[in-house]
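Please keep the coordinates open while you read.

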Amino acid sequence: MSRKRDTNITISAEDEVQIQQILEQYHQIASELHESTSRQQADKALASIYNMSEDAQLALLKTLSKEQNSDSADVLLAINELAPNKAVRKEAHRSLIRLTSARIYPSWTPVEEQALVTAPHPPRFW
């Protein structure tokens, strides 16, 4: 099976500045994820990443996969679990695989949402 080639992503200078800002504060994002107790809090911690363009997010994820610590793995796992964009989730998963091949694993676990309360009586079928 042939291996997919990495596509070169062209990003603007503004996106490059945003990527550098996120890279400087991804440890803080990871600590906010560790403190989060709900999906909304985790989404709030990742809001600065979600506000970037898709190409900038993909470039950020590839750069995070080169960081060799568990905080980057935590951020990648959170993006993989919570990101609204499918392409971004897939790239986060690929980046997580790159980190796990280097034996770097995430320590953050996604917050389980409470299940809906079921009705006391099952619905009737007529």
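**Notes on the fold, the salt bridges and one backbone angle**

1. Burial and surface. The model is predicted. The protein has 126 residues, and 34% of them count as buried. Its accessible surface comes to about 8,800 Å². Carbon and sulfur atoms hold 51% of that surface.

2. Secondary structure. There are six helices and zero strands. Read from the N terminus, the order is α-α-α-α-α-α.

3. Salt bridges overall. How many salt bridges does the structure hold? The count is three. In general, side chains of opposite charge can pair when their charged atoms come close. The next points take the pairs in turn.

4. The pair in α2. R39 forms a salt bridge with D43, and the closest N and O atoms are 3.7 Å apart. The cut-off for a salt bridge is 4 Å, so a pair of this kind at 3.7 Å counts. Both residues sit in helix α2, which spans residues 39–45. They are four residues apart, so about one helical turn separates them. R39 is partly exposed, at 35% relative accessibility. D43 is also partly exposed, at 23%.

5. R94 forms a salt bridge with E91, with the closest N and O atoms 3.1 Å apart. Both lie in helix α6, three residues apart, which is about one turn of the helix. Is E91 buried or exposed? E91 counts as buried because its relative accessibility is 6%, under the 20% cut-off. R94 is partly exposed, at 33%.

6. The other E91 pair. R98 also forms a salt bridge with E91. Here the closest N and O atoms are 3.4 Å apart. R98 counts as partly exposed, at 32% relative accessibility.

7. A backbone angle to look at. Which residue has a positive phi although it is not a glycine? R103 does, with a phi of about 65 degrees. R103 lies in the segment after α6, the helix that covers residues 86–101. Its relative accessible area is 67%. R103 is therefore exposed, as the cut-off is over 50%.

Definitions and conventions. Residues are numbered from 1 along each chain as its sequence is written. This is a predicted model: local features need pLDDT of at least 70, side-chain atom pairs count only at pLDDT 80 or more; totals for chains, interfaces and linings use all residues. Side-chain values use heavy atoms; hydrogens and water are left out. Helices (H or I, at least four residues) and strands (E, at least two) are DSSP runs, numbered from the N terminus. Buried means under 20% relative accessible area, exposed over 50%, partly exposed in between (1.4 Å probe, protein chains only). Accessible areas come from the Shrake-Rupley method with a 1.4 Å probe; for residues, only the protein chains shown count as cover. A salt bridge is a side-chain nitrogen of Lys or Arg within 4 Å of a carboxyl oxygen of Asp or Glu.
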